[in-house]
Amino acid sequence: MSTELLFREDAYLKSATARVVAVHERGIELDRTIFYPTGGGQAGDTGTLLRANGESIVIADTRKGEAVDQVLHLPAPGMPRPEPGEALTLAIDWPRRHALMRLHTALHVMSCVVVAPVTGGNISPDKARLDFDIDMGLLDAEKIERETNALIARAVETQTVWITDAELDARPELVKTMSVQPPRGAGRVRLLSIPGIDLQPCGGTHVANIAEIGGIRVLRVRSEGRRNKRVEIALTA
Ligand SMILES: [Zn+2]
């Protein structure tokens with residue numbers, strides 16, 4: 001059963017109502033959700049599902065199910081289980097998600113400062129990283145930080161763009177991340193555009209204007225293997 005992904009159209013939804021579709025040992029499925037499931041290196045959302053009787057079900061994590069667009073909301077241990085058909089009010093931990101959105105968008109900007117194939121990445125609420133297939137000698141932390149912050153200062157609005165699978169196949173240079181190929185087969189692929197800076201397939205949540213990132217600092221640069229040179233960043237505020 002697929003879930004309507006409300007965050008895909010509006011990453012700023014902090015609450016919404018939804019109906020329970022299924023409850024099983026792997027989690028709670030809803031007809032629609034604002035909870036982003038772990039994917040593309042971005043951590044899954046946490047938050048609460050509020051029942052009509054006032055009870056709160058704390059959601060400790062959100063994961064993808066096996067079906068396309070299937071989302072599993074994982075309750076914290078000991079939480080009550082809702083009934084199929086029940087109406088709930090959803091609320092995500094917004095400060096946490098907003099930090100993830102800012103860091104995620106910062107990685108898009110940084111991937112245009114370090115020009116090399118991306119071999120991995122991860123975004124948690126307090127820090128984020130990208131791994132590059134690049135010579136260690138070409139990674140200068142101070143320069144990466146300065147140039148990324150200079151691009152952030154341009155305060156460009158981000159845009160979501162959809163293209164067909166065929167259009168993406170015709171423009172392989174759009175795919176920078178070797179480890180995460182964009183999902184195909186649905187007929188269309190979602191791109192994040194930061195006009196003048198970056199354009200690449202991405203299903204994650206992003207800030208509306210890169211100025212919202214504020215600024216980043218490079219925490220460290222280190223080698224994680226021959227094809228993985230890791231750059232780890234945090235927000236400055
Ligand atoms: Zn993204």
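## Trp94 and the aromatic pairs

Trp94 is buried at a relative accessible area of 16%, where buried means under 20%, exposed over 50% and partly exposed in between, with a 1.4 Å probe and protein chains only. This is a predicted model, in which local features need pLDDT of at least 70 and side-chain atom pairs count only at pLDDT 80 or more, while totals for chains, interfaces and linings use all residues. Residues are numbered from 1 along each chain as its sequence is written, and side-chain values use heavy atoms, without hydrogens and water.

Two aromatic pairs turn up in a search of the whole structure; rings of Phe, Tyr and Trp (its six-membered ring) pair if their centres lie within 6.5 Å, and planes under 30 degrees apart count as stacked, over 60 as edge-to-face and the rest as tilted. Phe7 and Tyr36 have ring centres 5.3 Å apart and planes at 75 degrees, so this pair is edge-to-face. Phe7 belongs to helix α1 (residues 6–9) and Tyr36 to the loop between β4 (32–33) and β5 (47–50), so the pair ties together parts 29 residues apart in sequence. Helices (H or I, at least four residues) and strands (E, at least two) are DSSP runs, numbered from the N terminus. Phe7 is buried at 4% relative accessible area, and Tyr36 is buried at 5%. For Tyr12 and Trp94, the ring centres are 5.8 Å apart and the planes lie at 50 degrees, so the pair is tilted. Tyr12 sits in the loop between α1 and β2 (15–24) and Trp94 in helix α2 (residues 94–110), 82 residues apart. Tyr12 is partly exposed, at 25%.

## Zinc site

The zinc ion has four protein donors, His104 (NE2), His108 (NE2), Cys202 (SG) and His206 (NE2), at 2.0 to 2.1 Å. Donors are N, O and S atoms within 2.8 Å of the metal (3.2 Å for Na, K and Ca); water is not among the atoms, so sites may look incomplete. The angles among the four donor atoms run from 101 to 123 degrees, and the site is tetrahedral, a label that four donors receive if all angles lie between 85 and 135 degrees. Along the chain the donors follow the spacing H-x3-H-x93-C-x3-H.

Cys202 is buried at 15% relative accessibility, and His206 is buried at 8%. His206 is located in the loop between β13 and β14. The C-alpha atoms of His206 and His104 are 6.5 Å apart, although 102 residues separate them in sequence. Not counting residues up to four places away in sequence, His206 touches Ala11, Tyr12, Met101, His104, Thr105, His108, Arg190 and Leu192; contact means heavy atoms within 4.5 Å.

## Asn209

Asn209 lies in the loop between β13 (198–201) and β14 (216–223). The residue Asn209 is buried, at 14% relative accessible area. Apart from neighbours within four places in sequence, Asn209 contacts Ala155, Val156, Glu157 and Thr158.

## Chain as a whole

The chain has four helices and 15 strands. Its radius of gyration is 19 Å, close to the 18 Å from the globule rule for 237 residues, so the chain is as compact as a globular protein of that length. This radius is taken over C-alpha atoms, and the rule is 2.2 Å times the number of residues to the power 0.38. The C-alpha trace spans about 60 × 40 × 35 Å along its principal axes.

Of the 237 residues, 48% count as buried. Among contacts with a separation of 6 or more, 64% are between residues 24 or more positions apart.

Technical notes: Four donors count as tetrahedral if all angles lie between 85 and 135 degrees; four count as square planar and six as octahedral if opposite donors are over 155 degrees apart and all others between 65 and 115; anything else is irregular.
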